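Reader: I would like to learn how to read the features of a model like this one. Could you walk me through it?

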Amino acid sequence: MIDFKKIIGEKIAKNVQLDLSEIVSYIEIPPNPEMGDYAFPCFKLAKILKKSPQMIAEELKGKIELDENIEEIKVVSGYLNFYINKLLLTKTVLTEIENSKDTYGSNKSGNGKNVIVEYSSPNIAKPFHIGHLRNTVIGAALYKIYKYLGYNTIGINHLGDYGTQFGKMIEGYKRWAQEYDFKKDPISDCMDIYVRINNLCKEDENVLNACRENFKKIEEGDPYCVEVWNKFKDLSLKEFQKIYDLLGVKFDSLNGEAFYSDKMDEVVDKLEKHGALKDSEGAKIVDLEDKGLGVCIIKKSNGSTIYATRDLAAILYRSRTYDFDKCLYVVAYEQNLHFKQVFEVAKYLDIPEKCLKGLQHVAYGMVRLTTGRMSTREGTVVKVDELLQESIDRVEKIIEEKNPDMQNKKEEAKKIGIGAVIFNNLCSTIIKDQVFDWNTVLNFNGETGPYIQYVYVRTKSVIEKVGNIPDINDVNIELLQDKESQKIISILYNFENILMSVVEKNEPSLLARYLIELSQSYSNFYNENKIIDKDRKIQDARVYLSWAVGKVLKIGSGLLGIEMPDKM
RNA sequence: GGACCAGUAGCUCAGCUGGAUAGAGCAACGCCCUUCUAAGGCGUGGGUCGGACGUUCGAAUCGUCUCUGGUUCACCA
């Protein structure tokens, strides 16, 4: 597509002693469309040229020639305001959408690059709660968007299937297995055991030591411990899969922590070889005090490993298996220090420089309840299956009220209910903490998933009524020059840029906000104009624009993991 | 105590790498369905951008200090 910003930058660059890239970085979008489409502030030049910004702007205006791209230039209080050729913009955007169809906004910027997205990563034998949901939804969106931009993307569910917690589970299972059937609600049974054994550990140090011993036995391949551990794993995966199916989330690999249980010796060897390993209080550590990062434990004093060791083994394995350019860890910010340590220690693993540089922690904020922090042990978690079901149920009720004759009510309710929950998790900057409130999550008015879906359904409904999508050659773009249409066009133009920023910042909320903006602009257009019109030319133009909006809403939502209903 | 993160309207949040009058949604109030889906649109009210100082032609945005909240700081993950 035409890059107007670059074109303007080039025109300015001819007359100013600055790099093109620097000029382009100064170009901004005016706060109000009447002030132009792009603006170049001349204040920075004032010092260099020792003239007033206003004078510089006037002079520049005189030197820059108008052409088919730029219609007009105005000087306003030190700004050079550019008015681009709206007909050309309209034509460019619509032609691009027509030609690329379901791939609009995608590009090849990631070609040849391998990106790992590690996300979801729930703990086996514990409930899948709304914290994991946030993680899963963020990771899945990043995964899809990277892929859309041409990256070879690998999604890894780094299951929490290892560690002392399983020693605890085994200890609990040994003691109380006969009290449970593990059939109706296996996760709940597991959690019950987990809470009981934790309480016992608090009271009795010997029990805790027995738990640690059990974990060590798993590592050593003790048949009983491994069998029980596998049982928990199978039960959990089956439960998690139900949620992934509802969310439409898939992984390329389920290699969790346990997968690396036999790959940690090499890490220890390498650290030793580099002289990075130190004995301290019976444990083996890497001392990072000089970097202000404390110490990173590699082996505990009882000889067994710890999660940092497994993360390091994973880095080594992944660099060999996937030759990654980026490895994103979607993990809550609680683990900031942990990842800083691990990435620092990874320098001793002899992996390629690009892999080392590609390690990135995508930290997101905590989900807390109005009553405070969630705790598995306290039993205060909100379970995702219950949340999703509640959301779907509420949508069904609303459909029953508003549109009782609708087709496929169940299916559509599912898309809307789940879409609402997904959108709620993606609509604000991921680093911010979120207070979970049923009423906020299950609100379907305003800036929500259902709002976007509703707008999409409107575009579909208009097309359905008309009976066909007009041929782009029958669209007279001069009939799309009103304020409302132009607002939409400029937003559509920006879609690819938004996707690029999402990847650059690992911030899917940018796309979520974008879709709200697009939806609002269409709602506005819809209310201002009659789309189905007596004048066939006007109708063709507006229906075509509606189709284009629907297309981008569907692509964008799809990238966030939100499906579009046909009716609402 | 050290480190990191956050603090914008009653609530939830936008505000791009400093730029032109600080924007949405929710909640409140008032309008708009004999016209394409009112899960919608329009309007009104609501702000010392936590505070202070500084850098700059210009600061919600950058720097320093400070207050508040959160997270984390060795054998859990």
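**Helices, sheets and a strand of RNA**

Author: Let us begin with helix α6 (residues 130-148), whose 19 residues reach 27 Å from the first C-alpha to the last, close to the 27 Å expected at 1.5 Å a residue. The expected span is 1.5 Å times one less than the number of residues. Helices (H or I, at least four residues) and strands (E, at least two) are DSSP runs, numbered from the N terminus. This is a predicted model: local features need pLDDT of at least 70, side-chain atom pairs count only at pLDDT 80 or more, and totals for chains, interfaces and linings use all residues. Residues are numbered from 1 along each chain as its sequence is written, while chains are lettered from A and ligands numbered from 1 in the order in which they are written.

Reader: How many residues of α6 are buried?

Author: A residue is buried if 20 or more other C-beta atoms lie within 10 Å of its own, exposed if 12 or fewer, and partly exposed in between, with C-beta atoms placed from the backbone. In α6, 18 of the 19 residues are buried, so the helix is mostly covered. Just after α6, Gly150 takes a positive phi of about 90 degrees.

Reader: Which residues other than glycine have a positive phi?

Author: Most residues other than glycine have a negative phi. Lys101 is one exception here, with phi near 50 degrees, and Asn506 is another, at about 50 degrees. Lys101 is found in the loop between α5 (86-100) and β4 (114-118), and it counts as exposed because it has 9 C-beta neighbours inside 10 Å. Asn506 is found in the loop between α20 (495-505) and α21 (509-528); with 21 other C-beta atoms within 10 Å, Asn506 is buried.

Reader: Which strands pair with β3?

Author: Strands of a sheet pair through backbone hydrogen bonds, either parallel or antiparallel. Two strands count as paired if DSSP finds at least two bridges between them. Strand β1 (residues 38-41) pairs with β3 in the antiparallel sense over 4 bridges, and Tyr38 stands opposite Phe82 in β3. Strand β2 (residues 70-76) also runs antiparallel to β3, joined to it by 6 bridges; here Val76 stands opposite Tyr79. The hairpin of β2 and β3 has 2 residues between the strands, and in it Ser77 takes a positive phi near 35 degrees. Strand β3 (residues 79-84) is mostly covered, with 5 of its 6 residues buried.

Reader: What is the order of the strands in the open sheet?

Author: This open sheet of 3 strands has the order β6-β7-β8, with antiparallel pairing. Its edge strands, β6 (277-280) and β8 (295-299), each pair on one side only. The twist averages 45 degrees from one strand to the next. Helix α11 (residues 265-273) packs on the sheet, touching β6, β7 and β8, and its direction makes about 125 degrees with that of β8. Contact is counted when two C-beta atoms, placed from the backbone, lie within 7 Å. Axes are lines fitted to C-alpha atoms, for helices over the stretch in contact, and angles run from 0 to 180 degrees between N-to-C directions.

Reader: How many residues surround RNA strand B?

Author: A residue is near a molecule or strand if its C-beta atom, placed from the backbone, lies within 6 Å of it. For RNA strand B there are 78 such residues, and the closest are Ala39, Gly163, Lys300, Thr429 and Gly446. Helix α18 (residues 449-466) gives the largest share of this surface, 8 residues.
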